[in-house]
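Subject: Handing over a structure, with notes on what was found in it

Dear colleague,

Here is the structure I promised to pass on to you.

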Amino acid sequence: MEIAHFLFGIFGNATALFLFLAPTITFRRIIRSKSTELFSGIPYVMTLLNCLLSAWYGMPFVSKNNILVSTINGTGALIEAIYVLTFIIYAPKKDKAKFIGLLTVVLTTFAGVALVSLVVLHGKSREIFCGFAAAIFSIIMYGSPLSIMRTVIKTKSVEYMPFFLSLFVFLCGTSWFVFGLLGSDLFVAVPNGVGCGLGALQLILYFIYRNNKGEAKKPALPVQSMQMGIAKLHQEKQLVSNGSHVDKV
């Protein structure tokens, strides 16, 4: 049982790392254009909070046998911090202050959870408190593709929902779900069970609409669709209508 628990944790680390690295395509584009365009930075700063809380929950003095939860979420926090810093550098001045304000709230929230768990709570109460905080934001993170799924159903096209990204959402959620079950940890199992279910729904939608990837009469639009953060479709339409050349990324 312990070997299986460890192996699913390793597999979960690998699939989660893929999800954390998926937005690098978008940030290469942001750095090249020196503009955040119409990308939203909110998903990245919220994912940073999720990673910080989950990494904290996995620490040995908070919960037992969850060090693999800490390793991947600690790595994820570092990756998301790079995304957030990049977004701050290239965001328009009018959005930069708001974004920094949101980041301040996120860091204050994490600091508050960590401080309360260390100073006020001990033992099982500390684990429950930190577990609830991490689980809530994990569910929020997994729920971020719901808007994409709604777009797929409305347009009957999977043009903006990449198959491999949906696959890795499913694999990541499934591996951590099993990891949580094997370790009898509902704070890991429940949110990742939600992720597993949502990932499965994305795959089902993909196979239903897989032959519809946009109208043939329209030029292909390289919209950056990912687990967190999507360029607004009307931006691409404006670029096409203006005859602008959009590089493939």
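Predicted model: local features only at pLDDT ≥ 70, side-chain atom pairs only at ≥ 80, totals over all residues.

Residues are numbered from 1 along each chain as its sequence is written, and side-chain values use heavy atoms, with hydrogens and water left out.

The whole chain

The protein has ten helices and zero strands, where helices (H or I, at least four residues) and strands (E, at least two) are DSSP runs numbered from the N terminus. Read from that end, the order of the elements is α-α-α-α-α-α-α-α-α-α. Of the 249 residues, 45% count as buried; buried means under 20% relative accessible area, exposed means over 50%, and partly exposed is in between, with a 1.4 Å probe and protein chains only. The protein exposes about 13,000 Å², of which carbon and sulfur atoms supply 71%, with areas taken from the Shrake-Rupley method and a 1.4 Å probe, and with only the protein chains shown counting as cover for residues. Among contacts with a separation of 6 or more, 76% come from residues 24 or more positions apart, a contact being heavy atoms within 4.5 Å.

The UniProt record, an unreviewed entry, places the feature "transmembrane region" at residues 6-26, 38-59, 71-92, 99-122, 128-148, 160-182 and 188-209; its positions are given in the numbering used here, feature names are shortened, and annotations may be inferred rather than shown by experiment. Over residues 38-59 the model is 73% helix and 0% strand, with end C-alpha atoms 37 Å apart, while over residues 71-92 it is 91% helix and 0% strand, with end C-alpha atoms 34 Å apart.

Empty spaces

Rolling a probe the size of a water molecule over the atoms shows where empty space is left. On a 1 Å grid over the protein atoms alone, a cavity is a set of points where a 1.4 Å probe fits but cannot get out, a pocket is an open set with protein on both sides within 12 Å along at least five of seven lines, and lining residues have an atom within 4 Å of a point. Grid points are joined across faces, edges and corners, and a volume is the space filled by probe spheres set on the points.

By this rule there are two cavities of 30 Å³ or more, and the largest cavity holds about 290 Å³ of space. Its lining has 22 residues, and Ser-54, Asn-73, Ser-138, Trp-176 and Asn-192 lie nearest the centre. Two or more lining residues come from each of helix 1, helix 3 (42-57), helix 4 (67-90), helix 6, helix 8 and helix 9, and helix 6 gives the most, with five. By class, this lining has 16 nonpolar, six polar and no charged residues, where Ala, Val, Leu, Ile, Met, Phe, Trp, Tyr, Cys and Pro count as nonpolar, Asp, Glu, Lys and Arg as charged, and the others, Gly among them, as polar.

The second largest pocket holds about 300 Å³ of space, and of its 16 lining residues His-5, Lys-64, Asn-65, Gly-183 and Ser-184 lie nearest its centre. Helix 1 (2-21), helix 6 (123-142), helix 8 (163-182) and helix 9 (186-209) each give two or more residues to this lining, with helix 8 giving the most, three residues. The lining of this pocket divides into five nonpolar, six polar and five charged residues.

Single residues

Ser-138, one of the residues nearest the centre of the largest cavity, is found in helix 6 and is buried, with a relative accessible area of 11%. Not counting residues up to four places away in sequence, Ser-138 touches Asn-50, Ser-54 and Pro-191; the C-alpha atoms of Ser-138 and Pro-191, which are 53 residues apart along the chain, are separated by 5.9 Å.

Asn-65, one of the residues nearest the centre of the second largest pocket, lies in the loop between helix 3 and helix 4. Asn-65 is exposed, at 65% relative accessible area, and has a positive phi of about 60 degrees although it is not a glycine.

With kind regards
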